[in-house]
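Please look through the sequence and the model shown here, and then work through the questions below one at a time.

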Amino acid sequence: MDRRITKFLFFLIGDACIIALAMLLAFLLRFDGQIPLEYQARLLEYIALSIAIALPIFILRGLYAFTWAFVSLHEIIAVLKGVFLSALLFTASVLLMWNEPLFLGFPRSIIVLHFGLVFMLAGLLRSAKRLRFIFFNHQISANGNIVKNALIIGADEQAEQLIRTLLQG
C-alpha cells in the first residue's frame, strides 16, 4: 500500500477513535464518572453523529495533507479550525433536533467538553512524532539509521519554508 494512503488511514482512524473517546470522556467528566442510563443508550448515536460530521470537515480542511514530523503552530491552528467547525456543526445539529428523542435533554456542556478534548487529543496525535524527536533527542530515518542534526548558518524563515515544502513532496 502507498505510504500516503497508509498515513491518511492512520490519521483518519486515529481521529475517529479520538472523537469517540472524547465523547465518552466528555460524558464521564460531565456526570462525575457515572453516565446516566438515558445517555448510555444514546452514546453510540452521539459518537456516530460526531464522527460523521468531523471527519469530512477534517478531510476538506486538509488535516491529512501535512507532514506531521514538522508540525508547527500553523498546523495546530489548522487543527483548531477544523475541530471548531465540526463542533459548530454538531451544535447546529443538536439545536435543529432539540425536540427529537435523540437530543431530548442533551447536556450543552458536553459540546464544550467534547470540543476541548478533541482539540487536545487530535493536536497530541499530530504532535506525537515531533514530541518524540524532542524528548528522545534523535531522529530515525526510514531505513532505521539515526539521523544526525546539522546546523546551517545563515538559514532564515525562507529556508525553513523551503525545507517544509520539499519535505511535503
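Q: Which residues make the nonpolar surface patch of about 350 Å²?
A: This is a predicted model, in which local features need pLDDT of at least 70, side-chain atom pairs count only at pLDDT 80 or more, and totals for chains, interfaces and linings use all residues. Residues are numbered from 1 along each chain as its sequence is written, and side-chain values use heavy atoms, with hydrogens and water left out. Patches are made of residues with over 30% relative accessible area and no salt bridge, where like charges are joined within 9 Å and nonpolar side chains (Val, Leu, Ile, Met, Phe, Trp, Tyr) within 5 Å, and the areas come from the Shrake-Rupley method with a 1.4 Å probe, only the protein chains shown counting as cover for residues. The nonpolar patch of about 350 Å² is made by Phe84, Leu85, Leu88 and Leu89.

Q: What is the relative accessible area of leucine 89?
A: Leucine 89 is found in helix H4 (residues 73-96), helices (H or I, at least four residues) and strands (E, at least two) being DSSP runs numbered from the N terminus. Buried means under 20% relative accessible area, exposed over 50%, and partly exposed in between (1.4 Å probe, protein chains only). Leucine 89 counts as partly exposed because its relative accessible area is 40%.

Q: Which residue forms a salt bridge with arginine 126?
A: A salt bridge is a side-chain nitrogen of Lys or Arg within 4 Å of a carboxyl oxygen of Asp or Glu, and by this rule the count comes to one. In that bridge the closest N and O atoms of arginine 126 and its partner are 2.6 Å apart, and the partner is aspartate 15. Arginine 126 lies in helix H5 (residues 109-136) and its partner in helix H1 (residues 3-30), so the pair ties together parts that are 111 residues apart in sequence. Both members are buried, arginine 126 as well as aspartate 15.

Q: What is the angle between the planes of phenylalanine 27 and phenylalanine 106?
A: Rings of Phe, Tyr and Trp (its six-membered ring) pair if their centres lie within 6.5 Å, and planes under 30 degrees apart count as stacked, over 60 as edge-to-face and the rest as tilted. The structure holds 13 aromatic pairs, among them the stacked pair of phenylalanine 27 and phenylalanine 31, at 6.3 Å centre to centre and 20° between the planes. Phenylalanine 27 and phenylalanine 106 form an edge-to-face pair, 6.1 Å centre to centre, and the angle between their planes is 75°.
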